[in-house]
Amino acid sequence: MLFDTHVHLNDTQYDQDLEGVISNAKEAGISNMVVVGFDRPTINKAMELVEKYDFLYASIGWHPVDAIDMTEQDLLWIEELTAHPKVVALGEMGLDYHWDKSPKEIQKEVFRKQIKLAKKVKLPIIIHNREATQDIVDILKEEDAKEVGGIMHCFSGSTEIAKECIDMNFYISLGGPVTFKNAKKPKEVALEIPLSHLLIETDCPYLAPHPYRGKRNEPAFVKLVAQQIAEIKGVSLEEVADQTTKNAKRLFGIN
Ligand SMILES: [Zn+2]
């Protein structure tokens, strides 16, 4: 069984055929998925989905690109929702220096507030990082995020940074890019980082793996990510599936 730790089935791109996408995932052997909500509409939709499907769980938080929009009330609302038994993590949160909608200082402040909340409610965190690795590592250290740990989502950094994150109690999650021909770093990470610290994800509808690159992604394709890791490590698909599923269940506290 495979565990897709990062899906956006709450995206409007699935409005027309969500049932079909979910049955594709079931057929491909996906046992569980975490639906990530990162603003008001996507958090609401994530909560709806986890009520409807027993194999779905939610992670809720505030995306760094929209940090400037988050109010104190939003943060309180997120805190209230964490009482729901199917909310298994906070995020995605972090820093995104690619887009300049939210100034860096506001992004950092919103990131720190969410880490503090995660420690208060004792949930792991899911980190979104775009062109902000050093600042993220610094803030995780300063806020002592090690206490809750979590996931470096769609990790694209070096093996050295991956090890630094593992030391802070984080799992390294690989997605579609590990299947891309020129993705040197994710392939290196897949080789060097032991399975005990790896997770798999699609980040669907984004980042579809080869040979679907550029198309709409879906959870069934997480099998291609697992296959690629198995190939790189020279182990069976089953071993990658079993170990990453075990890791995800342990982190999210799912039996
Ligand atoms: Zn995402």
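**Note on the cysteines and the zinc site**

1. Start with Cys-204: its closest cysteine sulfur sits in Cys-154, 12 Å away, and that is too far for a bond. Bear in mind that this is a predicted model.

2. How many disulfides does the count give? It comes to 0. Cys-154 is in no disulfide, and the nearest cysteine sulfur to it belongs to Cys-204, at 12 Å.

3. Now the metal. Which residues hold the zinc ion? The coordinating atoms are NE2 of His-6, NE2 of His-8, an OE of Glu-92 and an OD of Asp-203, with distances of 2.1 to 2.4 Å. Along the chain, the donors of the zinc ion are spaced as H-x1-H-x83-E-x110-D.

4. That set ties together distant parts of the chain: His-6 lies in strand β1 (residues 2-7), while Asp-203 is in the loop between β8 (198-200) and α8 (222-233), and the pair is 197 residues apart. Both His-6 and Asp-203 are buried.

5. If you plan to look at the geometry, note that the angles among the 4 donor atoms run from 84 to 178° and the zinc site is classed as irregular. Four donors count as tetrahedral if all angles lie between 85 and 135 degrees, so the 178° end of the range rules that label out here. Water is not among the atoms, so a site may look incomplete.

Conventions
Residues numbered from 1 in each chain as written. Predicted model: local features only at pLDDT ≥ 70, side-chain atom pairs only at ≥ 80, totals over all residues. Heavy atoms only, no water. Donors = N, O, S within 2.8 Å, 3.2 Å for Na, K, Ca; no water. Tetrahedral: all angles 85-135°; square planar, octahedral: opposite > 155°, others 65-115°. Helix = DSSP H or I, 4+ residues; strand = E, 2+ residues; numbered from the N terminus. Buried < 20%, exposed > 50% of the residue type's maximum accessible area, 1.4 Å probe, protein only. Disulfide = S-S within 2.5 Å.
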